[in-house]
Amino acid sequence: MAGNPPILGSEPGVVPRDKVYTLLLRMPLIDSNGDEITRSLQLNQECNPILTSLDPLSPPIDPLDVLVMTSFSDFLFLSDASPLLRPSFLFFIFSGILVGYLFVGWFRSRKKHSLCPPGPSGVPILGNIFHMPTEASWITFSRWGEIWGDIISVRVLQQPIIILNSASIATEMLNKKSAIYSDRPTMMMGGELAGWKNMLALTRYNTHGDRFRKYRRYIHRVLGTPASIEKYYHVEEEETLRFLRRVVRDPDDVQQHIRKSIGAVVLKISHGYNVQDSNDPFVDIADRANAQLSCSLAPGAYLVDLFPILRHVPEWFPFANFKRTAASWANTLNDVIDLPFDFVKREMFAGTAVHSFTSDLLQEDLDFNEENIVKWAAASLYSGGADTSVSTIHSFFLAMVLYPEVQKKAQAEIDRVVGNDRLPTYSDRENLPYVEAIISEVLRWKPVAPLGLPHRVMKDDVHAGYHIPKDSIIIANIWQFLHDPRSYHDPEEFNPERFLPTGTRAPEPDPRTVCFGFGRRTCPGIHLAEASVYLFCARALATLNISKIVENGVVVEPVCESTSGFLSHPKPFRCNITPRSPKALGLVEVAL
Ligand code: HEM
């Protein structure tokens with residue numbers, strides 16, 4: 001090979017096709033004297049590397065001397081001018097490396113895996129990848145429980161996953177040993193590429209423990225006890241009233257009305273922001289961001305979550321749509337983080353800010369880092385609080401359509417305790433045990449997060465005699481805990497009575513011990529969620545009749561299914577909603 005061939009990318013037009021291909025190295029190669037040897041690497045037709053020194057007079061360098069210093073990822077491919085650089089070739093090299101990597105991982109993990117909990121047997125290297133359900137995983141995991149027991153292990157590629165099918169095992173493991181079970185796995189698509197990793201729900205406990213504790217401390221100060229929620233009761237009361245009014249005027253879009261009102265409650269608490277009646281920019285963008293997060297967390301939706309190495313694929317690469325999607329999600333996320341925060345700062349500057357999570361914390365003398373933590377903690381409230389309570393309240397409406405006798409009983413209790421001259425308030429709650437039992441039953445019947453959020457164990461552990469390898473993902477099958485016939489009689493049935501003790505029967509377990517998660521990751525919004533769900537349900541029962549639609553004399557059965565994402569919602573269903581009486585309508589229409 002004569003002379004110095006041009007470096008691809010700098011002069012792509014003069015590349016001698018099919019003769020020699022030059023790749024730029026991401027890092028220059030340095031010899032033992034610290035001198036730079038070369039910035040490029042060439043491949044001859046047989047793909048053998050030729051390294052040309054920076055000094056044109058010195059002979060070519062033996063690649064064996066220096067190639068060990070590089071790795072595949074150190075090469076920056078600059079041209080598609082040659083067959084070697086075409087996507088098919090890159091794909092071939094890439095696949096080879098991937099298979100090698102997986103094989104070594106599989107070989108190493110094989111022995112340890114034999115001590116893990118039982119589970120469906122997988123295939124070499126890929127493990128149980130083909131067993132993993134993509135729809136309603138909680139049902140499949142429950143069925144596996146019937147075969148392999150309460151603690152199951154599977155492996156997806158090299159990733160061990162432990163599935164818990166018993167509430168007591170989850171409590172023993174995730175609550176009692178929370179010091180090692182509180183991390184989250186890396187979520188490559190949503191967390192790393194789109195940037196959600198800074199939200200509390202995805203924050204790593206292992207590597208970002210300080211940040212995690214600050215988030216939790218700040219949120220605890222504002223929402224940590226039932227008493228701390230009391231100062232937001234007026235917000236809940238106003239929003240439930242707006243909600244009822246919207247439902248009475250437009251009963252066909254109840255889910256949208258719930259979403260808007262719950263969004264308004266959370267934004268008021270997190271940023272002191274008053275939501276507009278329609279097309280509110282903050283609610284719209286936050287809902288879009290939440291939908292994107294939910295999409296990114298759906299198991300198996302993105303290959304990059306299974307093959308994290310794919311994150312290095314450049315955006316222009318064929319099949320790299322996920323990179324472009326992640327970039328667009330990152331933009332939505334930036335808006336959701338920055339816009340409401342900037343709003344608070346503007347209001348504070350103008351002296352018109354009202355009390356809120358963000359404005360209260362910004363009163364303190366915070367440095368840039370602390371301010372950033374407040375900003376993300378406030379956004380974490382919205383992302384954690386909006387969709388969850390919406391799903392629970394929507395499930396309540398579904399239950400009332402399907403179980404009219406339950407509705408009548410609750411209305412009778414409200415009429416007896418509250419009367420019909422006013423709406424129920426928080427002070428009535430302790431005198432409304434049947435309404436309280438309905439709320440417990442909704443939380444049990446259709447849990448919002450059927451598999452919670454995944455935990456990750458930070459150390460090797462032994463639990464119930466099984467080896468739980470460090471870095472395993474732990475999935476608590478909350479749906480199964482709440483539908484376990486060992487704890488709940490006739491679990492598919494919506495039956496609030498199960499929570500009311502009789503002379504001969506103790507109440508069944510309170511779903512709150514599991515439906516809000518475990519250990520140091522337990523939902524920090526539990527008291528706010530409880531307050532919202534209670535008031536929305538009690539006031540809806542006091543003022544509305546919710547029933548099946550009758551069309552041409554035929555009763556239309558509502559759809560009674562749930563969506564499959566990591567947050568599960570009732571699928572859209574039709575129902576008939578009317579004011580209970582002219583007096584109830586008057587209470588709803590009262591001026592705010
Ligand atoms: C019915 C309503 C709700 C349910 C059933 C629910 C359930 C859950 C569950 C299961 C988790 C995961 C816990 C774990 O990893 O073990 C969680 C986390 C979380 N929830 Fe809730 N939640 C609800 C409402 C709320 C509300 C109203 C807020 C805030 C205003 C909120 C904020 C959060 C946050 C920030 C996390 C992440 C905590 C962390 O990772 O440390 N949630 N929730």
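1. In this predicted model, strand E7 is joined by two bridges to strand E10, which covers residues 473-476, and the two strands run antiparallel. Within this pairing, His455 has Ile474 of E10 as its bridge partner.

2. The pair E7 and E10 belongs to an open sheet of four strands, whose order is E5-E6-E10-E7 and whose pairing is mixed. The edges are taken by strand E5 (151-156) and strand E7 (455-456), and because each of these has a single partner strand, one side of each is left without a neighbour in the sheet.

3. Turning to the ligand, 26 residues surround it, and the closest of them are Gly384, Gly385, Gly517, Cys523 and Gly525. Two or more residues of this shell are given by each of helix H15 (368-402) and helix H20, and H15 provides the largest share, namely seven residues. By residue type, the shell divides into 15 nonpolar residues, ten polar residues and one charged residue.

4. Cys523 is placed in the loop between helix H19 (512-515) and helix H20 (526-543).

5. Is Cys523 buried or exposed? Cys523 counts as buried, because 21 C-beta neighbours lie inside 10 Å, where the cut-off for a buried residue is 20 or more.

How values were computed. Residues numbered from 1 in each chain as written. Predicted model: local features only at pLDDT ≥ 70, side-chain atom pairs only at ≥ 80, totals over all residues. Buried ≥ 20, exposed ≤ 12 C-beta atoms within 10 Å, placed from the backbone. Pairing = 2+ DSSP bridges. Near = placed C-beta within 6 Å. Nonpolar A, V, L, I, M, F, W, Y, C, P; charged D, E, K, R; others polar.
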